[in-house]
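Hi there,

Here is the model I promised to pass along. My notes on it follow below, so please have a look when you get a moment.

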Amino acid sequence: MPQGVKKGALFSFIGLGGSGSVLFIFNVIAARTLGPANFGVFNILYSLIGPIATLLASGAADGIIRFSAAAEAMGEKAKISNAIRNGSLLTMALFIVFLVFALSTRNFIQTKYLDNKPAFFSIFILSVLFCSIIFLLRGIFQGLREFKYYSLSTLSEPLTRLIFLLLLVNILHFGITGACGSLLIGYFISLIPTACLCLTLRDRFTGDNKEAKNESQKEFFSFAALATFIHFFRIFILRSGPIFLKMLGGTDANLLTGLYSSALVLLNSLHILFTALSTAIFPNLTRVEVLKEEGIKKRYIKKAILLATGLASLMIILFSFLGAWILKVIYGKEFILSRLDLFLISSMMGFYFIAELLNYIFLAKLLTKEAFIIWSVSFLFLILFIYLSNLPPLLRVELGLCIASFLNFIFMFTKLIIIKK
């Protein structure tokens with residue numbers, strides 16, 4: 001049975017909370033076992049997989065969520081099937097383009113980002129494929145508001161990853177190769193129960209309406225194309241820190257990446273609170289938008305923004321003052337960051353989390369072009385700042401990401417206020 005915002009957020013929080021807890025344990029074990037330098041290499045691989053899988057699948061998944069929720073609200077079952085079909089075709093086409101590009105630039109990717117190890121390249125390609133398919137299937141769960149299934153799928157991936165990290169690294173002593181391999185195994189094994197759960201919902205989206213298909217295809221691909229780039233910019237801002245540090249850090253690149261990632265991992269564990277809220281509000285807000293229930297829509301938006309802002313502010317204050325102690329207790333005395341570093345990283349994450357919620361509100365309201373322009377401006381600012389600034393590598397990356405996230409947040413919030421007026 002579909003769930004509303006409260007139950008949806010609760011189920012999402014349970015799944016994401018469990019997932020975040022397991023992922024947190026995973027990262028702590030990986031950091032302590034591998035050390036800062038190898039932990040940096042591991043996070044570079046992980047930072048490549050996330051943005052690329054997002055580019056390939058998240059736009060299509062958002063299209064599935066948006067159009068499935070709208071179609072179900074209007075009782076148009078065939079359009080749900082069409083949205084799923086269109087999303088699958090788009091993602092597979094983009095993966096083929098990515099595969100050709102990756103293979104043609106294999107030597108550069110391996111040498112520059114993967115420590116010149118062919119095994120890491122294979123893990124990278126297969127992980128992107130499996131992660132992309134999982135994104136699509138979870139989009140079906142969200143669109144049909146089956147958050148309990150979304151929750152189960154979300155939890156299965158890091159749990160599998162943790163089990164194989166312990167097996168490959170701590171027991172069989174495969175080191176960094178075993179840690180990277182656990183990423184691939186986590187994606188693959190998680191795909192199996194996710195696909196099985198999706199099959200149990202097939203009666204909800206069966207139908208054969210060719211007119212609906214032809215009519216919805218153009219609208220779907222237009223929405224998904226912009227959403228694809230929006231989410232690439234979004235995940236790039238979140239995950240690009242390790243990549244920039246690898247490029248700018250010189251002989252200290254792996255060390256700086258490991259230190260930065262240790263703080264990012266801790267703060268990203270709080271991402272579950274914001275993601276649970278965004279996951280639940282997107283399809284439900286789409287539904288009330290289609291049904292023109294203005295009172296409910298305003299209440300959803302107001303409460304969501306107030307809650308996200310309060311949580312982000314608390315996170316920034318606490319981590320700025322207690323972050324150094326937390327890092328030392330959890331990771332060990334080798335992981336040292338200044339209070340300025342902690343403030344900039346936590347501020348970046350706080351602004352990012354609120355902007356991410358606002359992004360889903362924009363997509364539910366079909367303000368896709370506006371969201372695309374705002375994320376594009378933030379992305380271009382980040383690139384220009386990183387390459388034109390003469391600051392030390394770590395400070396340059398932290399400050400660039402912080403300002404980019406703030407710009408995104410303030411532009412989207414201002415636009416939303418203007419629309420209300």
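Ser-151 is in contact with Phe-11, Ile-14 and Gly-15, leaving aside its neighbours within four places in sequence (contact means heavy atoms within 4.5 Å). This serine is found in helix α5, where helices are DSSP runs of H or I with at least four residues, numbered from the N terminus. Ser-151 counts as buried because its relative accessibility is 9%; buried means under 20% relative accessible area, exposed over 50% and partly exposed in between, with a 1.4 Å probe and protein chains only. From Ser-151 to Gly-295 there are 144 residues in sequence and 29 Å in space, C-alpha to C-alpha.

Before I go on, a word on where the values come from. This is a predicted model, in which local features need pLDDT of at least 70 and side-chain atom pairs count only at pLDDT 80 or more, while totals for chains, interfaces and linings use all residues. Residues are numbered from 1 along each chain as its sequence is written, and side-chain values use heavy atoms, with hydrogens and water left out.

Now to a helix pair. The axes of α2 (residues 77–104) and α4 (residues 118–143) come within 11 Å and cross at roughly 170°; axes are lines fitted to C-alpha atoms, for helices over the stretch in contact, and angles run from 0 to 180 degrees between N-to-C directions. That crossing makes α2 roughly antiparallel to α4 (over 145 degrees; under 35 would be roughly parallel, 65 to 115 roughly perpendicular and the rest oblique). On the α2 side, the residues that meet α4 include Ile-84, Met-92, Phe-95 and Phe-98, and among those in α4 are Phe-121, Phe-124, Val-128 and Ile-140. The residues of this contact divide into 15 nonpolar, four polar and no charged. Here Ala, Val, Leu, Ile, Met, Phe, Trp, Tyr, Cys and Pro count as nonpolar, Asp, Glu, Lys and Arg as charged, and the others, Gly among them, as polar.

Where is the kink in α10 centred? It sits on Leu-322, with a kink of about 65°, the bend at a residue being the angle between axes fitted to the seven residues ending there and the seven starting there. Gly-332 follows α10 and has a positive phi, near 120°.

Asn-116 is in the loop between α3 (106–113) and α4, and His-173 is in the loop between α5 (147–171) and α6 (175–199). His-173 counts as exposed, at 62% relative accessibility.

Thr-257 in α8 (residues 253–268) has 0% relative accessibility, so it counts as buried. Not counting residues up to four places away in sequence, Thr-257 touches Gly-40, Ile-44, Pro-242, Leu-245 and Lys-246. Phe-353 lies in α11 (residues 339–364) and is buried, with a relative accessible area of 0%.

Best wishes

Notes
Helices (H or I, at least four residues) and strands (E, at least two) are DSSP runs, numbered from the N terminus.
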